Protein chains: 2
Amino acid sequence: MPSDRTRALILDAAERLYAERGFGEVTLRDIVAAAGVNLAAVNYHFGSKDELIAELFVTRGIATNRKRLAELKEAEGNEGRADIKAILRALVGPTLRGCLGPDNEQSTAAHFMIRASIESVPPIRRIKNREIDHLRKFAAAMRRSLPDCDEADLYWGLHFALAMAHQTIRDTERLSKLSEGKCNLDDVEALIERIVEACAMMLTARAGAGRPPARNETDVISRRPERLKG
Amino acid sequence: MPSDRTRALILDAAERLYAERGFGEVTLRDIVAAAGVNLAAVNYHFGSKDELIAELFVTRGIATNRKRLAELKEAEGNEGRADIKAILRALVGPTLRGCLGPDNEQSTAAHFMIRASIESVPPIRRIKNREIDHLRKFAAAMRRSLPDCDEADLYWGLHFALAMAHQTIRDTERLSKLSEGKCNLDDVEALIERIVEACAMMLTARAGAGRPPARNETDVISRRPERLKG
DNA sequence: CATAGTTTCATACAACTGTTTGAATTGCAA
DNA sequence: TTGCAATTCAAACAGTTGTATGAAACTATG
């Protein structure tokens, strides 16, 4: 009958510190100090530092994915076919709210997962395949929503949606410096809508064209600027 | 009259190793072994590991920026006003070619800069402001190209273009696994065109609307799904 | 209470990190 | 060649890291 208290203290402290500073900047001694437990407790409860990180990644990943899937399910309703925008919203909404939303919606789990997706430390890299399966569910939903859309385009759309969301989270500072505050980063719902609309537009524009437009033809190559000297 | 040979050997080896494995996974001993020089040479020529990294970031950053600015200049020609697509192409093209293009176009400098933008290690974080100034030149070019476009939208477009490009470079593996090879990652020019078209579309769609569309109104908020349990 | 099992603790350990040292070697000018 | 500075080198240094140990403290059952 283990009293998981110490265990939980370690997990919470590690989640927070890793989310704040990144994996490279946090030592086990930092974690146990923040958790108020003994150094040896980590190896006692988790076996090793890597196993602690792996457990964090698994549990926090599940939590994030659950939110996304719940929104997806709600969007698809009974018909099993949702509006493409609703699907995209379910894909990027939870993470964006968890990282950039008002304080009461922020979650350390979301911050941690972003950190994990950025730094990709060895113990995490080994497990990451699980994420692929999760994203496949969204790809399937998108296929049902836009049955005429070229399949590669669907994946590109999904990929770009995640790209925009994640990069915005990571690079909040640069964007706000660059735009001198003109880009409002506090209004998450507007940001979500911006990303969703952009991706929906590129997906429907391509689907509307009937067949995938030129992606490898000479007219594309010809756009390439002349070789520039060194 | 210093014989910069050792110095250059260290820079090249460090650039390559950091680009391949990331900053966290490369030690000075790895670098000097790859360079075939003595361990103390690093501190002799650069003062410290951090200064070595900083110098790499500065020189390689300048090299990358020069390519982009050359393409931008060519796009703007004499008129000082370029097609928005050409501007975006100049923004994302060089890095994408340097990282995903055919072997003869790949550059360790581009790979290194991507790594630097991902991991953001302390010595680099201190200098990064230089990048903002560089991007401002592209923002200015975009403003000249689309004078009627809302300024915040311009920054968002620039930001998303970089987001798509960088994330594609970083996450090649996931996208290719997810799409089971359906997304052709070998054809860089097609990828560039895909990103450019997507961003141009979102910029012109918004500009065409006459004024920035609803970004903070209630109809946006209302799209938000109901609060989900758990 | 006694005792067996679990959990905590201070401490030590071995490995690795970036950095320094001081002697050896080199290259070049006088 | 001689002399002097610049450069290379092997070795050691001090600090930090994750992990291991064995004793102490706790918990709950008999």
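Me: At what angle do helix α5 and helix α8 of chain A pack, and how far apart are their axes?
Reply: Bear in mind that this is a predicted model. Helix α5 (residues 84-100) of chain A packs with helix α8 (residues 129-145) of chain A at about 170 degrees. Their axes are 9 Å apart.

Me: How do I read that angle?
Reply: Angles over 145 degrees count as roughly antiparallel. So α5(A) is roughly antiparallel to α8(A). The crossing of α5(A) past α8(A) is left-handed.

Me: Which residues make the contact?
Reply: From α5(A) come Ile84(A), Ile87(A) and Leu91(A). From α8(A) come Phe138(A), Ala141(A), Met142(A) and Ser145(A). Six are nonpolar, one is polar and none is charged.

Me: How many residues are in contact between the chains?
Reply: 45 residues of chain B touch 46 residues of chain A. Several helices of chain B give two or more residues, including α4 (49-76), α6 (108-119) and α11 (188-208). α9(B) gives the most, with 11 residues. The chain B side divides into 23 nonpolar, seven polar and 15 charged residues.

Me: Why do the copies meet through the same surface?
Reply: Because 100% of the interface residues of chain B are also interface residues in chain A.

Definitions and conventions: Residues are numbered from 1 along each chain as its sequence is written. Chains are lettered from A and ligands numbered from 1 in the order in which they are written. This is a predicted model: local features need pLDDT of at least 70, side-chain atom pairs count only at pLDDT 80 or more; totals for chains, interfaces and linings use all residues. Two residues are in contact if their C-beta atoms, placed from the backbone, lie within 7 Å. Axes are lines fitted to C-alpha atoms, for helices over the stretch in contact, and angles run from 0 to 180 degrees between N-to-C directions. Helices (H or I, at least four residues) and strands (E, at least two) are DSSP runs, numbered from the N terminus. Angles under 35 degrees count as roughly parallel, over 145 as roughly antiparallel, 65 to 115 as roughly perpendicular and the rest as oblique. A crossing is left-handed if the near helix is turned anticlockwise from the far one by less than a right angle, and right-handed if clockwise. Ala, Val, Leu, Ile, Met, Phe, Trp, Tyr, Cys and Pro count as nonpolar, Asp, Glu, Lys and Arg as charged, and the others, Gly among them, as polar.
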